[in-house]
Amino acid sequence: MSEDAAEDPIESRVGKALRETEATVAVAESCTGGLIGSLLTDVPGSSDYFDRSVVTYSYDAKRDVLAVNRETLDEVGAVSEPVARQMAQAVRDTANTTWGIATTGVAGPTGGSDETPVGTAYIGVAYAAPWGSGDSTTTVARYEFDGDRTTVKRHIAEQALADLLDAVETRR
């Protein structure tokens, strides 16, 4: 990667990688409240690869829009690896895109716990391989960010795009 490319905003680098691989993406956002979709659509021509962003902030929205199962929400809560996984897979599959990314977390300033402090986020990245290949995958990573609510949301959104970029580049 050229030095100039490394200085481009993450959303521009993601757009370039998706265009070059003829891939598409859909986003399921909870704690980021639509920020990832906003960042992606800041790039001219993003309609070439960006399908949608759904904001599923409540438990009911996660169940209704993404079919995250009630048992998982009851057992581990929304801010968890299994929920991020289900969200990423569901948005990828319902949008019929190559990639699905999902965020769920605690942006603060309240709502954290000892196990899940403010700034905690789970980011899921789901890849749809060709039918019959058995190569579809989903990864989920846990992060902790510092800052006020707006800063934490921005960090989560940018990290989600960075995780997507890493996954796209790995698949090249």
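The place of Val54 is in strand β2, where strands (E, at least two residues) and helices (H or I, at least four residues) are DSSP runs numbered from the N terminus. The model is a predicted one, in which local features need pLDDT of at least 70 and side-chain atom pairs count only at pLDDT 80 or more, while totals for chains, interfaces and linings use all residues. Residues are numbered from 1 along each chain as its sequence is written, and side-chain values use heavy atoms, with hydrogens and water left out.

Leaving aside neighbours within four places in sequence, Val54 is in contact (heavy atoms within 4.5 Å) with Val27, Ala28, Glu29, Val65, Leu66 and Val91. The C-alpha atom of Val54 is separated by 21 Å from that of Gly108, which is 54 residues apart from Val54 along the chain.

Strand β2 belongs to an open sheet of five strands, ordered β2-β1-β3-β4-β5 and mixed in its pairing; two strands pair if DSSP finds at least two bridges between them. At the edges stand β2 (50-55) and β5 (137-144), each of which pairs on one side only. From one strand to the next the twist averages 15 degrees.

The pairings can be followed across the sheet. Strands β1 and β3 run parallel and are joined by five bridges, with Ile101 in β3 as the bridge partner of Val27. Strands β3 and β4 run antiparallel and are joined by seven bridges, and here Ile101 stands opposite Val125 in β4. Eight bridges then join β4 (residues 120-127) to β5, again in an antiparallel arrangement, and Ala126 stands opposite Thr138 in β5.

How much of β3 is buried? Seven of the seven residues of β3 are buried, so this strand is largely enclosed by the rest of the structure; buried means under 20% relative accessible area, exposed over 50%, and partly exposed in between (1.4 Å probe, protein chains only). In a regular strand the side chains alternate between the two faces of the sheet. In β3, Trp99, Ile101, Thr103 and Gly105 point one way, whereas Gly100, Ala102 and Thr104 point the other way, and all are buried.

In soluble globular proteins, nonpolar side chains tend to be buried together. A nonpolar core is taken here as a set of buried Ala, Val, Leu, Ile, Met, Phe, Trp, Tyr and Cys residues joined through side-chain atoms within 4.5 Å. The largest such core has 32 residues, and those with the most contacts inside it are Leu18, Trp99 and Leu164. Two or more residues are given to this core by each of α2 (10-20), β1 (25-29), α3 (35-41), β3 (99-105), β4 and α7 (149-171), and the largest share, nine residues, comes from α7. Leu164, with its neighbours within four places in sequence left aside, is in contact with Val14, Leu18, Val25, Trp99, Ile101 and Val125. Apart from this core lies another, of 15 residues, among them Ala28, Ala88, Ala90 and Val91.

Helices α2 and α7 pack at an angle of about 25 degrees with their axes 9 Å apart, the axes being lines fitted to C-alpha atoms, for helices over the stretch in contact, and the angles running from 0 to 180 degrees between N-to-C directions. The two helices, α2 and α7, are therefore roughly parallel to each other, a term for angles under 35 degrees. Ile10, Glu11, Arg13, Val14, Ala17 and Leu18 in α2 meet Glu158, Leu161, Ala162, Leu164, Leu165 and Val168 in α7.

Arg92, in helix α6 (residues 81-95), is buried, with a relative accessible area of 9%. Not counting residues up to four places away in sequence, Arg92 touches residues including Trp99, Gly100, Ala126 and Thr138. Ser38, in helix α3, counts as partly exposed at 34% relative accessibility.

Some backbone details remain. Most residues other than glycine have a negative phi, and most peptide bonds are trans. Glu22, in the loop between α2 and β1, has a positive phi of about 55 degrees although it is not a glycine, and Glu22 is exposed, with a relative accessible area of 73%. Ala67, found in the loop between α4 (59-66) and α5 (70-76), has a positive phi of about 60 degrees and counts as exposed at 61% relative accessibility. The peptide bond from Gly108 to Pro109 is cis, with omega near 5 degrees, and Pro109 lies in the loop between β3 and β4.

Terms used: Angles under 35 degrees count as roughly parallel, over 145 as roughly antiparallel, 65 to 115 as roughly perpendicular and the rest as oblique.
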